[in-house]
Amino acid sequence: MAEITRLSGNNDWIDLDFVERERTPEPAMKLGIQMHLAGLSLSNTVSALDSLGVERSRKAVHDWVQKADLQPVSGKAPNQVAVDETVIRINDQQFWLYAAADPQTNELLHLRLFSTTTIGLTELFLNELREKHDVESALFLVDGAKHLQTALDRSGLRFQTERHGNRNAIERIFREVKRRTSSFSNCFSHVEPATAENWLQSFARWHNAPN
């Protein structure tokens, strides 16, 4: 898997301020978080750590990711923003994943998980995006979804319909998210939507991290 080759890269982006009396060495915790977000299931991550002499449970690795509360870095000023949503399943229920990406850097700027898709929720997503990044003068690239176009229009943001070109950035990211969330069931099985959203935010931080 190509993503695993990134495990030798910088992991300073993982903040362990949540650690209090954790008995696991911080380098091992960072590696565990990095391995899981890079594509290993919880079980395989535990096995990899065990081979390094660090014995921890699947729950421990899961809790590391959740407690780290990783988020995409704020303060970006992209020239273009690709926005879209896709369906993912959690506990056999359908949820909508909204995401915004900078097509020039392929970085995820913001994402949220909703139980449905409406103009109001789309406006909420855009307002959160504006709070995190300078996107007032950016050109938003969307597909033909009317609720996206209506929400952008109401928000006073410029947009154009584009099905290919720079919008491919968000499509590639969605393909990877769907591959990851369907490749091992212990990621989104028997979890609350907020837990899944936290994992997705962490994935976005890993996705944006330098190699």
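User: Which strands does α7 lie across, and at about what angle does α7 run to β3?

Analyst: In this predicted model, the sheet to look at is an open one of five strands, arranged in the order β3-β2-β1-β4-β5 with mixed pairing. Helix α7 lies across β1, β2 and β3 of that sheet, and its direction relative to β3 is about 175°.

User: Which residue in β2 stands opposite Val87?

Analyst: Strand β1 (residues 80-90) and strand β2 (residues 93-102) run antiparallel and are joined by nine bridges. Opposite Val87, the residue that stands in β2 is Trp96.

User: Are α1 and α7 roughly parallel or roughly perpendicular to each other?

Analyst: The two helices pack with their axes 10 Å apart and at an angle of about 95°. Angles of 65 to 115 degrees count as roughly perpendicular, so α1 and α7 are roughly perpendicular.

User: How many nonpolar, polar and charged residues does the contact of α1 with α7 have?

Analyst: On the α1 side the contact is made by Gln34, His36, Leu37 and Ala38, while α7 contributes Trp199, Ser202, Phe203 and Trp206. Sorted by class, these are five nonpolar, three polar and no charged residues.

User: Which helices are included in what covers the buried residues of α3?

Analyst: Helix α3 (residues 58-68) has several buried residues, among them Val61, Trp64 and Val65. The cover over the buried residues of α3 includes α1 (26-38), α2 (42-51) and α7 (193-208).

Technical notes: Residues numbered from 1 in each chain as written. Predicted model: local features only at pLDDT ≥ 70, side-chain atom pairs only at ≥ 80, totals over all residues. Heavy atoms only, no water. Buried < 20%, exposed > 50% of the residue type's maximum accessible area, 1.4 Å probe, protein only. Helix = DSSP H or I, 4+ residues; strand = E, 2+ residues; numbered from the N terminus. Contact = heavy atoms within 4.5 Å. Pairing = 2+ DSSP bridges. Axes fitted to C-alpha atoms, helices over the stretch in contact; angles between N-to-C directions. Parallel < 35°, antiparallel > 145°, perpendicular 65-115°, else oblique. Nonpolar A, V, L, I, M, F, W, Y, C, P; charged D, E, K, R; others polar.
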